[in-house]
Amino acid sequence: MAERTRNEMDAIEIAEFLESQHTGVLSLADGDDAYSIPISFDYDADESAVYFRFGYGADSQKRQYLDTVDTASFVVYDRTDEGWKSVVMEGGLEPVSESSLGSSVVEAVDSLDIPYFRVHHRPAGEMDFNIVRLDATKLTGIVEGT
């Protein structure tokens, strides 16, 4: 059996990987309680930030955790021919208005693939949406292979 290798990604490799991906897992916490969700995103390398378009129902756990979390963790991963690549981003979350964003970010966030009916089981008209930004205070990437 071939020996597995594990190498850290540099900043350029991390940016290229995040720009090539569009889904990950966002983890939020409130004290001892945790909440993780698969979510679509857009990465802005110039700002070292990701943008999410959150959809909230009336009884949204997402909104509850977003209001209480200080530091969120976001994981993006992909299988390669040789093994795996993954990036972990940690930082604070903040809602942002479309008027405060550049047009390219707004277009990218608007085009995120959000499967409203399959995930939320309610018409999109019954939900509130907003854009949330995660500013990276810590960003690490690993390439694993044979």
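**Salt bridges and core of a predicted model**

Glu144 and Arg4 form a salt bridge in this predicted model, with their closest N and O atoms 3.4 Å apart. This pair ties together distant parts of the chain, since Glu144 lies in strand S8 and Arg4 in the segment before strand S1 (5–8), 140 residues apart. Both ends are partly exposed: Glu144 has a relative accessible area of 28%, and Arg4 one of 39%.

A search of the whole structure finds three salt bridges. Another joins the side chains of Glu47 and Arg133, at 2.5 Å from N to O. Here too distant parts of the chain are linked: Glu47 sits in the loop between strand S4 (42–44) and S5, Arg133 in strand S8, 86 residues apart. Arg133 also meets Asp135 in a salt bridge, at 2.4 Å from N to O. Arg133 counts as buried at 16% relative accessibility, whereas Glu47 is partly exposed at 36% and Asp135 is partly exposed at 23%.

The largest nonpolar core holds 27 residues, and Leu26, Phe52, Phe74 and Leu93 have the most contacts inside it. Among the elements that each supply at least two residues of this core are helix H1 (11–20), helix H2 (61–68) and strand S8 (128–145). Phe74 touches, among others, Leu26, Phe52, Val87 and Leu134.

Helix H2 has Lys62, Tyr65 and Leu66 as its buried residues. These residues lie on the same side of H2, because they cover an arc of only 105 degrees around the axis. An α-helix has 3.6 residues a turn, so residues three or four places apart point the same way.

Terms used
Residues are numbered from 1 along each chain as its sequence is written. This is a predicted model: local features need pLDDT of at least 70, side-chain atom pairs count only at pLDDT 80 or more; totals for chains, interfaces and linings use all residues. Side-chain values use heavy atoms; hydrogens and water are left out. A nonpolar core is a set of buried Ala, Val, Leu, Ile, Met, Phe, Trp, Tyr and Cys residues joined through side-chain atoms within 4.5 Å. Buried means under 20% relative accessible area, exposed over 50%, partly exposed in between (1.4 Å probe, protein chains only). Helices (H or I, at least four residues) and strands (E, at least two) are DSSP runs, numbered from the N terminus. Contact means heavy atoms within 4.5 Å. The arc is that of the directions from the helix axis to the C-beta atoms. A salt bridge is a side-chain nitrogen of Lys or Arg within 4 Å of a carboxyl oxygen of Asp or Glu.
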